[in-house]
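Below are some notes for a colleague who is meeting this structure for the first time. Please read them with the model open.

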Amino acid sequence: MRWVWFHKLGSPKWFFFQSKSWVLPLLGLGSIGLIVGLVWGLAFAPADYQQGDTFRIIYIHVPAAMLAQSCYFALGAAGFVYLVWQMKMAPIFIKAIAPIGAVMALIALVTGAIWGKPTWGTWWIWDARLTSVLVLFFLYMGIIALQSAFDDVMLANKATAVVCVVGLINLPIIKYSVVWWNTLHQGATFSLAEKPAMSAEMWLPLLVSVVGFYLFIAGLVLWRMQSEILQREHRSSWVKKEVMDRGL
Amino acid sequence: MAFDTFPAFLIMGKHGVYVWSAYGFSMLAIAVLTWNTFAHHRKVRNTLMKRYRMDQIR
């Protein structure tokens with residue numbers, strides 16, 4: 001197996017120039033997916049026979065909740081990569097993705113609360129699913145705070161990576177909370193193995209919205225990584241050239 | 001279109017307030033996140049440019 005790509009990925013300079021041309025297309029395609037998916041879901045999908053139009057919140061709640069978990073999975077993987085190989089890019093990735101994951105978790109929590117009021121009759125309940133997602137949000141906040149809590153960059157990188165990896169334990173808890181405990185939150189509507197129990201008119205816009213969210217967030221992550229690379233590598237001559245050329 | 005009239009689209013049965021506030025909050029959060037990403041990138045570039053120029057003068 002050739003590991004060249006893996007070593008190249010560890011080079012901030014290589015990554016910077018490779019990812020530069022990806023940011024705008026990802027943001028553009030992502031916005032199109034978001035707009036199409038959300039307008040479709042809001043105005044054209046049929047109303048639910050039980051919940052009426054309230055179910056339309058699904059088109060943001062589900063993608064945001066999926067991303068909050070995917071971002072954390074990536075964060076944990078990056079933490080592991082840093083602890084094992086001390087790869088330079090890993091802390092840069094962690095720094096870039098943590099605030100994005102936090103915002104996604106917040107959107108999932110807030111839209112969930114707004115959805116809960118008319119359907120369950122309460123904004124919040126301390127059940128397993130809701131509590132574990134709240135823990136996910138606090139994990140993100142803790143990681144963001146930890147990154148700037150040390151003067152020593154190496155120490156900050158290491159401490160953050162450890163928390164990222166340890167926090168992974170929360171992901172299966174979130175996923176299976178609706179199975180293991182008796183919660184108000186419904187079980188998963190979709191699985192990879194089975195045909196969706198929802199009609200296509202309802203899940204197609206959801207699929208478009210989910211893809212839009214993923215692309216848009218990928219663009220944002222790359223963009224934040226670009227800033228972080230410039231900042232951390234500011235002593236390199238290529239960064240100086242990059243900054244001065246663009247500005248003049 | 002799932003709604004007959006535009007007011008019906010805004011009211012959404014009786015839960016329009018919930019649906020629209022959920023969408024409004026989410027769009028606002030994503031807009032703030034995007035703006036923050038852009039502003040931070042610009043700030044990093046400007047700060048570095050100033051620093052490099054200072055170095056050149058010295």
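1. Across the interface of chain A and chain B, one salt bridge is found. This is a predicted model, and the values below are computed from it. The bridge runs between the side chains of A:Glu242 and B:Arg45, with N and O 2.8 Å apart. A:Glu242 and B:Arg45 also belong to a network, joined with A:Lys20 through salt bridges that share partners.

2. The interface itself buries about 3600 Å² between chain A and chain B. Of that area, 75% is on carbon and sulfur atoms. Chain A brings 44 residues to the contact, and chain B brings 33 residues.

3. How many salt bridges does the structure hold over all chains? The count is six.

4. A:Lys88 and A:Glu233 form a salt bridge, and their closest N and O atoms are 3.4 Å apart. A:Lys88 lies in the loop between α4 and α5 (89-120) of chain A, while A:Glu233 lies in the loop between α9 and α10, so the pair ties together parts that are 145 residues apart in sequence. Leaving out residues up to four places away in sequence, A:Glu233 touches A:Pro12, A:Lys88, A:Trp238 and A:Val239.

5. A second pair in chain A is A:Asp53 and A:Arg56, which form a salt bridge with the closest N and O atoms 2.9 Å apart. A:Asp53 is buried, at a relative accessible area of 11%. A:Arg56 is buried as well, with a relative accessible area of 0%.

6. A:Asp245 and A:Lys241 meet through their side chains in a salt bridge of 3.0 Å, N to O. A:Asp245 and A:Lys241 both sit in helix α10 of chain A, four residues apart, about one turn of the helix. A:Asp245 is partly exposed, with a relative accessible area of 49%. A:Lys241 counts as exposed because its relative accessibility is 55%, and exposed means over 50%.

7. On the surface there is a nonpolar patch formed by A:Phe80, A:Leu83, A:Val84, A:Trp85, A:Val162 and A:Val166. Together these residues have about 550 Å² of accessible area. Which elements give two or more residues to the patch? They are α4 (58-85) and α7 (153-166) of chain A. The largest share, four residues, comes from α4(A). A:Phe80, one of the patch residues, is found in helix α4. A:Phe80 is partly exposed, with a relative accessible area of 46%.

8. A:Leu215 is in helix α9 of chain A. How far apart are A:Leu215 and A:Gly33 in sequence and in space? They are 182 residues apart in sequence and 8.3 Å apart in space, C-alpha to C-alpha. Setting aside neighbours within four places in sequence, A:Leu215 is in contact with A:Leu26, A:Leu29 and A:Gly30. The relative accessible area of A:Leu215 is 27%, so A:Leu215 is partly exposed.

9. The UniProt record (unreviewed entry) places the feature "transmembrane region" at residues 21-45, 57-85, 92-116, 128-147, 159-182 and 202-223 of chain A. In the model, residues 57-85 are 97% helix and 0% strand, and the end C-alpha atoms of that span lie 42 Å apart. Residues 159-182 are 79% helix and 0% strand, with end C-alpha atoms 35 Å apart.

10. The UniProt record (unreviewed entry) also carries the annotation "domain: Cytochrome c assembly protein", which covers residues 16-185 of chain A. Over residues 16-185 the chain is 78% helix and 0% strand. The end C-alpha atoms of this stretch are 42 Å apart.

Terms used:
Residues are numbered from 1 along each chain as its sequence is written. Chains are lettered from A and ligands numbered from 1 in the order in which they are written. This is a predicted model: local features need pLDDT of at least 70, side-chain atom pairs count only at pLDDT 80 or more; totals for chains, interfaces and linings use all residues. Side-chain values use heavy atoms; hydrogens and water are left out. UniProt positions are given in the numbering used here, feature names are shortened, and annotations may be inferred rather than shown by experiment. Patches are made of residues with over 30% relative accessible area and no salt bridge: like charges are joined within 9 Å, nonpolar side chains (Val, Leu, Ile, Met, Phe, Trp, Tyr) within 5 Å. Accessible areas come from the Shrake-Rupley method with a 1.4 Å probe; for residues, only the protein chains shown count as cover. A salt bridge is a side-chain nitrogen of Lys or Arg within 4 Å of a carboxyl oxygen of Asp or Glu. Buried means under 20% relative accessible area, exposed over 50%, partly exposed in between (1.4 Å probe, protein chains only). Contact means heavy atoms within 4.5 Å. Buried area is the accessible area (1.4 Å probe) that two parts lose on being put together, summed over both.
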